[in-house]
Amino acid sequence: MSINVEPLRKILELECEKGYVDSAVIGGLDRFLRRWAGQAIESITSPYLLSHFQRLHLTNSNYASLTEQQRREWVNETFDFLSEAERVGAEKGEVELPKESIVPSPPVASRRSLGAKRQSVMAAQSIDSPITTLRGVSSSLAVKFNRLGVKTIRDLLYFFPHRHLDYSQRKFISQLAEGEEQTIIANVWQAQVTMLGGRRGTEAIVGDETGNVRVVWFNNPYLAKKLPTNTRLVLSGRVSLFSGRHVFESPEWELVEDRELIHTGRLVPLYPLTQGLRPRQVRKLMKELIDQWAWRVEDFLPPELRQRCNLLELPQAISQAHYPEDEAAKDGARLRLAFDELFILQLGVLSKKRDWQESQPGNPFSARTPVLDAFTKSLPFELTAAQHRVLKELLADLEKPRPMSRLLQGEVGSGKTVVATIALLAAAANGYQGAFMAPTEILAEQHFTNICQLLSRVGHQVAGEDNLRSYSGLLSHPLTVALLIGDINQARKQEIQQRIMSGDIDIAIGTHALIQKEVEFHQLGLAVVDEQHRFGVTQRSVLRQKGFNPHVLVMTATPIPRTLALTLYGDLDLSVIDQLPPGRQVVKTKWLKPAQRDSAYAFLRRQVAGGRQAFIICPLVEESEAIEAKAAVAEYQRLSEEVFPELRLGLIHGRMPAAEKDEVMHRFRSGELGVLVSTPVVEVGIDVPNATVMLVESADRFGLSQLHQFRGRVGRGQEQSYCMLLAENPSEIGRERLDLIEKIQDGFQLAEEDLRLRGPGEFFGTRQSGLPDLHMAKLSDVALLELARSEAIRLFQTDPSLAKPEHHLLAKELARVWPEAAEWS
């Protein structure tokens, strides 16, 4: 039986002439296609032709819903199919040809114009065009990809598989082994619909020269029709044993005649999916995209850099990252793409640092003022060698005519606040204002209290209110310190804002309230930001803009491995207080099983009865702060009523009004409450020297760095302190984490381990705002990170503005990844 290709060809030629407006046939092309395809499918005997026919969706076409550009491409591919059908049919004597003569098909002139049109369509598309401009991507499919963050062709090219299945190892059926991923090439002897596990599926018997094997596809009865006898297949998947015989269960399959294998017989990509996206559908789309678009991506790395670092060209790397020829090609692709991400990230932060430090002059301070010596001598403790070293670095920066941009890292209790206070005093002594911004009101209050206590030892308090203190004897005028948080009444807030604007206030301590529009500084000379990773990049930048290029000091108690710090904070110079004050004790840490819960409660009870205090941290609830707060309230009630009815308990969680939270904290600090039940909000900075017990529920849900932060809340006084970690049923990684925190007290060592176990995304809880996404790079890959940084510095030394012709594409890529609107530091 023959395929009559001529009617469809004539209609498609007419459709081309009319400009793809779906007017070549009355009732529209879709209606005609369904009728024509219904007859044609019965006549196709070639598996290859059938596969091509199905790819065009001729029996259920949606030509009417395509854009003009998509129609052109579809018509062009359908002409290819008709030509192929004629060729195959002519070989077998099956195709009905027009009676007059054999006409070239489709007409040469028509094909040329179609080819030219297709080229112009691709030229009109750019790599930043929406994915709906691609053939086969409907608006409903685009919505599904949008959920995965894919909007443009570029996004799709960089939509890398999360892993590959190795289906490249071809075997004969006689060599199949149970439990391994394997690939065979075989003929279909029989395929039928059958009942599998109570539901309809497909069962087939396939064979090669060494034997036969049974294949089953669950919940897929439609497959039986696609596998006629003698179809030659590639099958890839896992083999299991059933009744002593090998069975392929729901393997991937492809016709051998298909041009290039996509789903089988190779390293097969597994892409992230969302509801409505199927693996085969995504793989097919990605293969077509890579073949058509990867070669059009411009390689922005200068050739000499690429050769020096032995990196693949970018089009090749993108192609091999999706459909690698082998493991070595896949690794080479990952190396190139990961290098790109880290290199562009480094260039971005280095550019920002240069702009910040060189675009405008800074305010040089004189660090040799008597007030700094007097303050240091009045401290109730000796500064450690590490504090002296860091202070020297800070004061050297403050004396320069360019603004300081420094990250100060230090363990909980290492004495960062004292160092920051000395820097703020230096600003005030030079006639400038200082701002100290903390992420929470509790912390802002604590900093205010601590700084005022330190100042009262060297100066004489001449005025004192809840959130305003003045000290004489330090400067030529009384030094005034103010606390500005959201929780003070409007009239008082406006008064403080007015005094900041007039220059009356020397040091302003606060939360986000310090960066609101209403707050204008008279002359901001130094901005100190505490607990950097709690702040977005933009917030830090807004504070910076409150003054004429103020010096900036960022502080964090989260130990960050040096390489990671240099990457995430490449715009900041790094100082580390890597030494705790003498006498700082080791907190005894123990991971407890569920059966030990009662003994943990008994231990806590004894400690509180002896006059000490305790923290209990409720489980982390990732769904929302509201659910977390609700769970904390329920846990607080259980503990108060059933476990510790004789003790005084308090509760704080993220949803409480600030005033209520502060009141509970005040009662805990003053010793009125014996136990503080809290959500993870307690992690940062809270200082209660009398607290000796930290009990963490569901400890396996937290990262090592966070657990170390919790542990740092105790052990701040003279008494031996304890950290007890309860975990119900931890995973293997959870157990490893708990074992590590039991053994290791050093925060930086724990941070390295945390990074190894969890990766940088989870390491910070939420992604650093303002930094580009990393798809391929792992921040734990120290060698590549250092290579990218050294190459970025090398390039900056020779061409900092990327003005050379050979750096034109790199400058363009940098502007795309780090747009001007985004804050880089």
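Before starting, one term: a contact here means heavy atoms within 4.5 Å. Also keep in mind that this is a predicted model.

**Exercise 1. Get the overall picture: how many helices and strands does the protein have, and what share of its residues is buried?**

Step 1. Count the elements: the protein has 27 helices and 23 strands.

Step 2. Check burial. Taking buried as under 20% relative accessible area, buried residues make up 54% of the 825 residues.

Step 3. Look at the contacts. Among those with a separation of 6 or more, 72% are between residues 24 or more positions apart.

**Exercise 2. Work out the strand order of the open sheet of nine strands, and find which strands stand at its edges.**

Step 1. Walk across the sheet: the order is E11-E12-E13-E14-E10-E15-E16-E9-E17, and the pairing is mixed.

Step 2. Find the ends. E11 (460-465) and E17 (573-577) each have a single partner strand, so one side of each has no neighbour in the sheet.

Step 3. Now place a helix. H14 (residues 385-398) packs on the sheet and touches E9, E16 (551-556) and E17, with its direction at about 155 degrees to that of E17.

Step 4. H17 (residues 490-502) lies across E10, E11, E12 (468-472), E13 (479-484) and E14, and it runs at about 140 degrees to E13.

**Exercise 3. Zoom in on strand E10 and say which strands it pairs with, and in what sense.**

Step 1. Start with E15 (residues 524-530): E10 pairs with it in the parallel sense over five bridges. In this pairing, Gln 433 stands opposite Leu 524.

Step 2. Go on to E14 (residues 507-510). Four bridges join it to E10, and the two run parallel. Here Ala 435 sits opposite Ala 508.

Step 3. Check how covered the strand is. E10 spans residues 433-437, and five of its five residues are buried.

Step 4. Sort the side chains by direction: Gln 433, Ala 435 and Met 437 point one way, Gly 434 and Phe 436 point the other way, and all are buried.

**Exercise 4. Decide whether Gln 409 is buried or exposed, then list what it touches.**

Step 1. Locate the residue: Gln 409 belongs to strand E9 (residues 405-410).

Step 2. Apply the cut-off. Buried means under 20% relative accessible area, and Gln 409 has 1%, so it counts as buried.

Step 3. List contacts, leaving out residues up to four places away in sequence. Gln 409 touches Lys 416, Thr 556, Thr 558, Pro 559, Ile 560, Ala 565, Leu 574, Ser 575, Val 576, Ile 577 and Phe 748.

**Exercise 5. Where do the buried residues of helix H24 fall when you look down its axis?**

Step 1. Check the geometry. H24 (residues 732-743) has 12 residues and reaches 17 Å from its first C-alpha to its last, close to the 16 Å expected at 1.5 Å a residue.

Step 2. Pick out the buried residues: Gly 734, Arg 737, Leu 738, Leu 740 and Ile 741.

Step 3. Look down the axis. These buried residues fall within an arc of 160 degrees, so they line one face of H24.

Step 4. Recall the helix rule: an α-helix has 3.6 residues a turn, so residues three or four places apart point the same way.

Step 5. Turn to the other side of H24, where Glu 732 and Lys 743 are exposed.

**Exercise 6. Compare Tyr 20 and Ser 243: what is the phi of each, and which loop holds it?**

Step 1. Recall the background: most residues other than glycine have a negative phi.

Step 2. Take Tyr 20. Its phi is positive, about 60 degrees, although it is not a glycine. Tyr 20 lies in the loop between H1 (6-17) and H2 (29-40), and it is buried, with a relative accessible area of 3%.

Step 3. Take Ser 243. This residue also isn't a glycine, and it has a positive phi of about 55 degrees. Ser 243 lies in the loop between E5 (232-242) and E6 (245-249), and it is exposed at 65% relative accessible area.

Notes
Residues numbered from 1 in each chain as written. Predicted model: local features only at pLDDT ≥ 70, side-chain atom pairs only at ≥ 80, totals over all residues. Heavy atoms only, no water. Expected span 1.5 Å × (residues − 1). Buried < 20%, exposed > 50% of the residue type's maximum accessible area, 1.4 Å probe, protein only. Arc of directions from axis to C-beta. Pairing = 2+ DSSP bridges. Axes fitted to C-alpha atoms, helices over the stretch in contact; angles between N-to-C directions.
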